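Student: I would like a close look at one part of this model, with the terms spelled out as you go.

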Amino acid sequence: MSIVLTPYWSPDEGTQKLKMEARAKAPAVPGLAPPVFSMRAQMDRTLLQLRSRTSPIEKYTFLAQVKQADVETFYKLCLAYMPEITPIIYTPTVGDACLQYSKNYRHSEGLFISLKDKGRIGNVLRNWPLANEARISVVTDGSRILGLGDLGVNGMPIAVGKLSLYVAGAGIRPSSTLPITLDLGTNNSSNLSDPLYLGLRQRRPSDAEYNAFMDEFITEMKRVYPKVLVQFEDFSTDHAFSYLERFRNSLPLFNDDIQGTGAVVLAGLLSAARLVPIPRNEHRILLFGAGSASVGVAKQLMSFFTIAGMSEEAARSQIWLVDSKGLVYVGREEVADYKMYFARRHYTGLPMKDLSEIVKYVKPTVLLGLSTIAGAFTSEVICQMSQNTPRPIIFPLSNPVHLSECTFTEALTHSNGTAIFASGSPFGSEVIGGVRREPGQGNNMYIFPGLGLGAILCRAKSVTDSMVQASALGLAGSLSWDERALELVYPRIGRIREISAHIAVKVIRAAQKAGVDNSTDLKRMSDTLLLEFVKGKMWNP
């Protein structure tokens, strides 16, 4: 595929403009390519060049150049070497790419809309060269990038990286993707003092001004891009929840940090629970870290209990939160409103902050980390978990890898090899007791490509909670027999296209049941035919 600039007349602006159009790549005419050039050899050549780079950020930069020069080769590499390429184009390397974005910037890959554009956001949105083809947009304001904090416009690689995974993982056409970074300033003093920083040199505005900007943005997105699914990404905790609730019924929209993370953890927990010899209603879940992602995970994990027949109140009683001030309970000082649903109602003891003390008190069977506090799951904590259950489920989910609450080695060593493990960033396999163990990676990449593909294909009016839950159940049900035999909690990432197609079918059926689908023809298809339809809609380089 190549991108061609085509002139057109804009009656709204009374000027001739250029737009980019995606066209199939024509074969090189004689003399403009080496006599024995082949695509297969070019793939091998590109892979050798990639592997010759020594640092992850050098590999990231190289792949960005490949993507700009030859998008088909880039995605062929992604599909052929998914386990190797994914950690380079997204977590953990994308964190470094964000930190160095203003220093390494070469060209724009997305759309920037700043606070200065208020009042004309619609005009800026119309400037995207492939506006007519856009179907999926990842939108960030850069205020809480991974575990790195407020990076401002340096968060653009997050939107670009996520959309690359939509293409690689679900076959969304590259020309249908629209990365957007909203520049509402930054409270990061390092950015403000950096002479190379690419964003507005001002602090973030008041909530009233923020909300007015976001209201205009969503209104114009709906007007300019009526066919686009919007994914919110890496908004600060308070805005993540408020904007999800404020806009989720205005257009098809979901927040990956809240809903995507919750779905992928739910899927992993459903798979892990099969390996633990205790009834579902006896599991106790402790979440260490209580930001937007953690509370979103907690809400999604209610389904772990309710789908087994437990009431909502009983499900809530099995989930505990720990934030920076300790165990979250009613009556404790400084408990944010969004945490109150899971605040313990009958705890009357003294404030409890030490994690090992909390683990002894709660006796959890499941310990989830979303704190970005490296090493928080100490040997004492892991040993205590092993006393609570014969197979402790330990998921240190913080990104990037240097912020993980514990390593795979530590989880296995201090649990005497009994831990069921999944992390947010990748770890290598380990041999314990003569048996090689593979860690799970609770990567949202398992969820959002299939969720997005399903929502787009059924032309969903909104993204319902039932559609998100369906994506989790679809992921949990996609493990092969070989993967189950190895006690994996997530399938191998190399199968991502197959997994995404399976999830998309589940999401479409959930949308139909909720009455938010607009592609009524899909209702008449059997599940088998629908799966083939979904696979047939996937773009291949």
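In which loop is the place of Glu334?

Tutor: Glu334 sits in the loop between β10 (326-327) and α15 (355-362), where helices (H or I, at least four residues) and strands (E, at least two) are DSSP runs numbered from the N terminus. Please keep in mind that this is a predicted model, in which local features need pLDDT of at least 70 and side-chain atom pairs count only at pLDDT 80 or more, while totals for chains, interfaces and linings use all residues. Residues are numbered from 1 along each chain as its sequence is written, and side-chain values use heavy atoms, with hydrogens and water left out.

The phi angle of Glu334 is near 60°, a positive value in a residue other than glycine. Glu334 counts as exposed because its relative accessibility is 58%; buried means under 20% relative accessible area, exposed over 50%, and partly exposed in between, with a 1.4 Å probe and protein chains only. With a relative accessibility of 42%, Lys363 counts as partly exposed.

Another loop residue, Ser425, is placed between β13 (420-423) and β14 (430-432), and its relative accessibility of 1% makes it count as buried. The side chain of Ser425 reaches the backbone nitrogen of Val401 at 3.3 Å. Leaving aside neighbours within four places in sequence, Ser425 is in contact (heavy atoms within 4.5 Å) with Pro92, Ser398, Asn399, Pro400, Val401 and Gln441. Pro92, one of these partners, belongs to the loop between α4 (82-89) and α5 (93-99), and a cis peptide bond with omega of about 10° joins it to Thr91.

As for helix packing, α12 (residues 256-273) and α13 (residues 292-306) pack at an angle of about 45°, with their axes 7 Å apart; axes are lines fitted to C-alpha atoms, for helices over the stretch in contact, and angles run from 0 to 180 degrees between N-to-C directions. The two helices α12 and α13 are therefore oblique to each other, given that angles under 35 degrees count as roughly parallel, over 145 as roughly antiparallel, 65 to 115 as roughly perpendicular and the rest as oblique. Residues that make the contact include Leu266 and Leu269 of α12 and Val297 and Phe304 of α13.

Methods
Polar contact = N/O pair within 3.5 Å; in protein donor to acceptor, adjacent residues only side chain to side chain.
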